[in-house]
Amino acid sequence: MPPTLKTLTVSVKARVGGQTVTVTEPVGSNSRLYKITDASVKPEISYDTVVNKNDGWSELPINGEVSGTKNQVITIVDVDSKFKAQAKGEFVLPEPTAGD
């Protein structure tokens, strides 16, 4: 039986100017990349899909802070050393909170 894409548990909270993302599963020896898109164009990812920065993906910051707009989708992918997808999670972004 071929390997399957694992699921990442993603949660997002609004913050001033953006959102803070938390992924329950540890990244381990993989790298964790993300992309924010409109729901209608979110990326289709399957096991071993090549995911890299040339296609608009970025490394997820350690503090989890990203900036998107309400109802955009963040897709988070754990990739191996060859940038092949091993796990994926998604979340619809809340509206950033307003500053004082």
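**Figure 1. Arg32 within its strand.** R32 lies in strand β4 of this predicted model. Its relative accessibility is 13%, and R32 therefore counts as buried, the limit being under 20%. The side chain of R32 reaches the backbone oxygen of E25, at a distance of 3.0 Å. Leaving aside neighbours within four places in sequence, the residues in contact with R32 are L8, V23, E25, P26, V27, S58, E59, L60, I76, V77 and D78.

**Figure 2. The salt bridge between Asp78 and Arg32.** The whole structure contains four salt bridges, and one of them joins D78 to R32. The closest N and O atoms of D78 and R32 are 2.6 Å apart.

Figure 3. K42 forms a salt bridge with E90, in which the closest N and O atoms are 3.1 Å apart. This pair also links distant parts of the chain: K42 is in the loop between β4 and β5 (58-59), whereas E90 is in strand β8 (residues 85-92), and the two are 48 residues apart. K42 has a relative accessibility of 31% and so counts as partly exposed. E90, at 28% relative accessibility, likewise counts as partly exposed. The side chain of E90 also meets that of K88 in a salt bridge, with an N to O distance of 3.4 Å. Through shared partners, these salt bridges join K42, K88 and E90 into one network.

**Figure 4. The largest nonpolar core.** In soluble globular proteins, nonpolar side chains tend to be buried together. Twelve residues make up the largest nonpolar core of this model: L8, V10, V12, V21, V23, Y34, L60, V66, I74, I76, A87 and L93. Two or more residues of this core come from each of the elements β2 (10-15), β3 (18-23) and β7 (73-79).

**Figure 5. Surroundings of Tyr34.** Y34 is one of the residues of the largest nonpolar core. With residues up to four places away in sequence not counted, Y34 touches G56, W57, S58, E59, L60, P61, V66, I74, T75 and I76.

Figure 6. When residues up to four places away in sequence are not counted, V23 touches L8, T9, V10, R32, L60 and I76. Among these, R32 is the residue of β4 that forms the salt bridge with D78. V23 and L5 are 18 residues apart in sequence, and their C-alpha atoms are 16 Å apart in space.

Figure 7. Strands of a sheet pair through backbone hydrogen bonds, either parallel or antiparallel. Here, five strands form an open sheet in the order β1-β8-β7-β4-β5, and the pairing is mixed. The edge strands, β1 (6-7) and β5, each pair on one side only. Strands β1 and β8 run parallel and are joined by two bridges. T7 has K88 in β8 as its bridge partner; K88 is also part of the network with K42 and E90.

**Figure 8. The chain as a whole.** The secondary structure consists of eight strands and zero helices, giving the pattern β-β-β-β-β-β-β-β along the sequence. The C-alpha trace spans about 50 × 30 × 25 Å along its principal axes. The radius of gyration of the chain is 13 Å, which agrees with the value near 13 Å for a compact globule of 100 residues. Buried residues account for 35% of the 100 residues. Of the contacts between residues at least 6 apart in sequence, 67% join residues at least 24 apart.

Conventions: Residues numbered from 1 in each chain as written. Predicted model: local features only at pLDDT ≥ 70, side-chain atom pairs only at ≥ 80, totals over all residues. Heavy atoms only, no water. Core = buried A, V, L, I, M, F, W, Y, C linked by side-chain atoms within 4.5 Å. Buried < 20%, exposed > 50% of the residue type's maximum accessible area, 1.4 Å probe, protein only. Helix = DSSP H or I, 4+ residues; strand = E, 2+ residues; numbered from the N terminus. Contact = heavy atoms within 4.5 Å. Polar contact = N/O pair within 3.5 Å; in protein donor to acceptor, adjacent residues only side chain to side chain. Pairing = 2+ DSSP bridges. Rg over C-alpha atoms; globule rule 2.2 N^0.38 Å.
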